[in-house]
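Work through the exercises below with the sequence and the coordinates at hand. Each task is followed by a solution in steps.

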Protein chains: 2
Amino acid sequence: MAAATKDKTTCPVCATAEIVCGKWTILIIRDLAAGRSRFCELERSLQGISPRTLSLRLKALEEEGVVARKTYPEVPPRVEYVLTPKGRALLPLIEDMRAFGREWLGMKGDIDTACAPVEAAA
Amino acid sequence: MAAATKDKTTCPVCATAEIVCGKWTILIIRDLAAGRSRFCELERSLQGISPRTLSLRLKALEEEGVVARKTYPEVPPRVEYVLTPKGRALLPLIEDMRAFGREWLGMKGDIDTACAPVEAAA
DNA sequence: CAGCATCCGCCGTGATACTG
DNA sequence: CAGTATCACGGCGGATGCTG
């Protein structure tokens with residue numbers, strides 16, 4: 001979701017929406033918070049996402065300062081993504097969504113991570 | 001934003017995301033909570049939205065049980081949209097978004113409604 | 001005022017294949 | 001493993017115009 005293209009600069013809600021929009025964004029943040037940090041891990045937990053999309057989202061998130069990227073110059077290239085404080089500040093939002101889903105949408109599963117089972121939530 | 005097309009039924013976060021996604025959805029809910037209830041009011045507060053989109057979103061929200069619609073069989077047709085308890089349950093989410101926007105995005109304006117000035121927030 | 005119908009364009013997303 | 005390049009599709013949302 002996004003928002004008014006006009007004066008979004010004055011609207012905290014709109015601005016936040018702009019960041020969180022995108023089909024996978026929230027899920028990526030959630031999985032990052034859940035401990036997954038590597039590209040392929042996310043690719044697996046967010047099963048169904050294309051590497052392209054994951055890459056794009058991750059990059060956008062990085063530019064927004066929500067995610068930090070650490071590259072390890074090793075032989076088998078390794079990269080880890082972690083939430084920045086700013087990214088962590090988004091977690092309450094996710095908590096609310098989870099609470100809402102459970103309370104009003106009948107999603108009783110306590111492991112929302114079940115959205116993409118990574119072996120029963122790592 | 002949306003989510004895994006596969007097992008979203010088990011993921012509260014995904015499911016909620018599905019509802020809240022869409023460029024204007026959150027804003028509509030916010031404005032509804034802010035007191036605006038008529039079609040044209042929303043059209044004005046969400047300046048920039050097309051009647052088509054507003055109509056579509058409102059309908060979707062209604063079908064999801066987030067918004068209730070009251071029609072007044074009067075001469076100048078009047079319709080009022082109000083948040084249902086379920087819709088109200090989404091407010092904390094918006095509050096968090098607002099808080100995030102203010103704290104991390106520099107949106108100091110306390111009236112996020114400023115997103116679409118309806119005469120200085122009704 | 002409320003809102004539907006139609007047409008159209010954009011962008012996010014998916015699929016697939018290839019590279020460092 | 002960790003991406004990037006390309007191609008193409010689909011749906012959301014915008015613009016306009018019409019009806020009840």
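This is a predicted model: local features need pLDDT of at least 70, side-chain atom pairs count only at pLDDT 80 or more; totals for chains, interfaces and linings use all residues.

**Exercise 1. Composition of chain A**

Task: State how many helices and strands chain A has, and in which order the elements run.

Solution. 
- Step 1. Chain A has six helices and two strands.
- Step 2. Read from the N terminus, the order is α-α-α-α-β-β-α-α.
- Step 3. Chain A has 122 residues, and 46% of them are buried.
- Step 4. Take the contacts in chain A between residues at least 6 apart in sequence: 42% of these join residues at least 24 apart.

**Exercise 2. Helix 2 and helix 6 of chain A**

Task: Classify the packing of helix 2 of chain A with helix 6 of chain A from the angle of their axes, and list the residues that meet.

Solution. 
- Step 1. Two packed helices are described by the angle between their axes and the distance between the axes.
- Step 2. For helix 2 of chain A and helix 6 (residues 91-104) of chain A, the angle is about 105° and the axes are 10 Å apart.
- Step 3. Helix 2 of chain A is therefore roughly perpendicular to helix 6 of chain A, since angles of 65 to 115 degrees count as roughly perpendicular.
- Step 4. Helix 2 of chain A contributes A:Ile26, A:Ile29, A:Arg30 and A:Ala33, which meet A:Leu91, A:Ile94, A:Met97 and A:Arg98 of helix 6 of chain A.
- Step 5. Sorted by class, this contact of helix 2 with helix 6 of chain A holds six nonpolar, no polar and two charged residues.

**Exercise 3. Helix 2 and helix 4 of chain B**

Task: Carry out the classification for helix 2 of chain B and helix 4 of chain B.

Solution. 
- Step 1. The axes of helix 2 (residues 25-33) and helix 4 (residues 51-63) of chain B come within 10 Å, crossing at roughly 75°.
- Step 2. Helix 2 of chain B is therefore roughly perpendicular to helix 4 of chain B.
- Step 3. On the helix 2 side of chain B are B:Thr25, B:Ile28 and B:Ile29; they meet B:Leu54, B:Arg57, B:Leu58 and B:Leu61 in helix 4 of chain B.
- Step 4. The classes in this contact of helix 2 with helix 4 of chain B are five nonpolar, one polar and one charged.

**Exercise 4. Surroundings of helix 1 of chain B**

Task: Why is helix 1 of chain B described as largely enclosed, and which helices does it pack against?

Solution. 
- Step 1. Helix 1 (residues 12-20) of chain B has nine residues and eight of them are buried, so it is largely enclosed by the rest of the structure.
- Step 2. The buried residues are B:Pro12, B:Val13, B:Cys14, B:Ala15, B:Thr16, B:Ala17, B:Ile19 and B:Val20.
- Step 3. These buried residues pack against helix 2 and helix 6 of chain A, together with helix 2 and helix 6 of chain B.
- Step 4. After helix 1 of chain B comes B:Gly22, with a positive phi near 100°.

**Exercise 5. Salt bridges**

Task: How many salt bridges are there over all chains, and are A:Asp31 and A:Arg30 buried or exposed?

Solution. 
- Step 1. Side chains of opposite charge can pair when their charged atoms come close.
- Step 2. The count over all chains is ten salt bridges.
- Step 3. A:Asp31 and A:Arg30 form one at 2.5 Å, N to O, and both residues are buried.
- Step 4. A network of salt bridges links A:Arg30, A:Asp31 and A:Arg36.
- Step 5. B:Glu95 and B:Arg98 pair at 2.8 Å, N to O; they lie three residues apart in helix 6 of chain B, about one turn of the helix.
- Step 6. B:Glu95 is partly exposed at 40% relative accessible area, whereas B:Arg98 is buried at 15%.

Note on methods. Residues are numbered from 1 along each chain as its sequence is written. Chains are lettered from A and ligands numbered from 1 in the order in which they are written. Side-chain values use heavy atoms; hydrogens and water are left out. Axes are lines fitted to C-alpha atoms, for helices over the stretch in contact, and angles run from 0 to 180 degrees between N-to-C directions. Helices (H or I, at least four residues) and strands (E, at least two) are DSSP runs, numbered from the N terminus. Angles under 35 degrees count as roughly parallel, over 145 as roughly antiparallel, 65 to 115 as roughly perpendicular and the rest as oblique. Contact means heavy atoms within 4.5 Å. Ala, Val, Leu, Ile, Met, Phe, Trp, Tyr, Cys and Pro count as nonpolar, Asp, Glu, Lys and Arg as charged, and the others, Gly among them, as polar. A salt bridge is a side-chain nitrogen of Lys or Arg within 4 Å of a carboxyl oxygen of Asp or Glu. Buried means under 20% relative accessible area, exposed over 50%, partly exposed in between (1.4 Å probe, protein chains only).
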